[in-house]
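Here is a short tour for anyone meeting this structure for the first time. Please keep the view open and find each residue as it comes up.

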Amino acid sequence: MKRKLIVFFDSGDTLVDESTEVRDQRGIVVKAELHDEGGRLLRQLYDEGFTLALVADGEVESFKNIYEQHGLSDVFSARIISEVMPDRKPAACMFQGAMDALSLTDKDKSRVVMIGNNLPRDILGANRFGITSILYDWSPRYNMIPANKDETPDYCVSTREELYKLLLDLDVACSRSL
């Protein structure tokens with residue numbers, strides 16, 4: 001069954017535990033561990049019919065390595081990586097790139113969520129772009145207190161279970177409103 005909700009994910013300290021990254025001499029991540037069974041979550045969402053997109057700052061090769069390492073190369077329908085974009089999050093081009101790659105229009109924004117851990121990048125970017133923002137606040141490496149209204153997430157979760165339940169609830173709400 002194809003779900004109505006479309007899920008954009010950040011990677012570092014959202015899905016990937018940045019403290020486990022191993023980088024080569026060029027600074028490319030060659031391997032890293034996923035946080036809180038993030039791989040299981042991605043596979044479950046994919047298998048249940050959610051459309052997933054990676055919207056992340058970094059290098060294409062790093063993300064390729066990480067997600068191949070965990071057998072997750074196939075779960076993302078789009079990968080928008082700042083290395084090949086004109087700017088980084090919170091720039092609208094990152095979110096618009098994902099929309100374009102998935103053939104979505106402005107009318108679809110009401111069924112798109114962005115999950116991230118970085119208030120001034122992921123949350124501010126999603127809010128300004130007009131999509132639902134979800135702060136996944138497990139990482140101790142980032143400030144989790146919004147500096148202003150634009151950095152205030154629509155939702156905040158701390159565990160994989162909370163995130164999964166929220167996504168199911170938001171998908172039901174999307175289905176009802178269409």
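## Ser103 and the loop around it

Ser103 sits in the loop that links α3 and β6. In this predicted model, its phi is near 55°, which is a positive value in a residue other than glycine. Is Ser103 buried or exposed? Ser103 counts as exposed, because its relative accessibility is 63%, and the cut-off for that label is over 50%.

You will find Asp13 in the loop between β1 (6-9) and β2 (22-23). With a relative accessible area of 0%, Asp13 is buried.

## Tyr142 and its partners

Asp13 turns up again among the contacts of Tyr142. Setting aside neighbours within four places in sequence, Tyr142 is in contact with Asp13, Glu18, Asn117 and Asn118. With Glu18 there is a polar contact between the two side chains, at 3.3 Å.

Where does Tyr142 lie in the chain? Its place is in the loop between β7 (132-136) and β8 (155-157). Tyr142 and Asn118 are 24 residues apart in sequence, and their C-alpha atoms are 6.7 Å apart in space. Tyr142 counts as partly exposed, because its relative accessibility is 29%, and that label covers values between the buried limit of 20% and the exposed limit of 50%.

Which residues does Val112 touch, not counting residues up to four places away in sequence? They are Ile6, Phe8, Met99, Leu104, Ile131 and Thr132.

Another pair to look for is Val112 and Ser133. These residues are 21 residues apart in sequence and 8.9 Å apart in space, C-alpha to C-alpha.

## Helix α2 and what covers it

Helix α2 runs over residues 60-69, and its buried residues are Ser62, Phe63, Asn65, Ile66 and Tyr67. In an α-helix there are 3.6 residues a turn, so residues three or four places apart point the same way. The cover over the buried residues of α2 includes β3 (29-31), α1 (38-47), β4 (51-56) and β5 (76-81).

Take Ser62 as an example from α2. Ser62 is buried, with a relative accessible area of 3%. Beyond its neighbours within four places in sequence, Ser62 is in contact with Gly27, Ile28 and Val29. After the helix comes Gly71, with a positive phi near 65°.

## A cis peptide bond at Pro90

The next stop is a peptide bond. The one from Lys89 to Pro90 is cis, and its omega is near 20°. Pro90 is placed in the loop between β5 and α3 (92-101).

## Asp171 in helix α5

Helix α5 spans residues 160-177, and Asp171 belongs to it. Is Asp171 buried or exposed? At 4% relative accessibility, Asp171 counts as buried. Leaving aside neighbours within four places in sequence, its contacts are Arg3, Lys4, Leu5 and Phe50.

## The chain as a whole

How many helices and strands does the chain have? There are five helices and eight strands, and along the sequence they follow the pattern β-β-β-α-β-α-β-α-β-α-β-β-α. The radius of gyration is 15 Å, close to the 16 Å that the globule rule gives for 178 residues, so the chain is as compact as a globular protein of that length. Along its principal axes, the C-alpha trace spans about 50 × 40 × 30 Å.

Of the 178 residues, 51% are buried. Among contacts in the chain with a separation of 6 or more, 64% come from residues 24 or more positions apart. The chain exposes about 8,300 Å², with carbon and sulfur atoms supplying 49% of that area. As for charge, the chain carries 22 positive and 30 negative side chains, and the centres of these two sets lie 4 Å apart.

Notes. Residues are numbered from 1 along each chain as its sequence is written. This is a predicted model: local features need pLDDT of at least 70, side-chain atom pairs count only at pLDDT 80 or more; totals for chains, interfaces and linings use all residues. Side-chain values use heavy atoms; hydrogens and water are left out. Helices (H or I, at least four residues) and strands (E, at least two) are DSSP runs, numbered from the N terminus. The radius of gyration is taken over C-alpha atoms; the globule rule is 2.2 Å times the number of residues to the power 0.38. Buried means under 20% relative accessible area, exposed over 50%, partly exposed in between (1.4 Å probe, protein chains only). Contact means heavy atoms within 4.5 Å. Accessible areas come from the Shrake-Rupley method with a 1.4 Å probe; for residues, only the protein chains shown count as cover. Lys and Arg count as positive and Asp and Glu as negative; His and the chain ends are not counted. The place of a charge is taken as NZ of Lys, CZ of Arg, CG of Asp or CD of Glu. A polar contact is a pair of N or O atoms within 3.5 Å; within protein, one must be able to donate a hydrogen and the other to accept it, and residues adjacent in sequence count only if both atoms are side-chain atoms.
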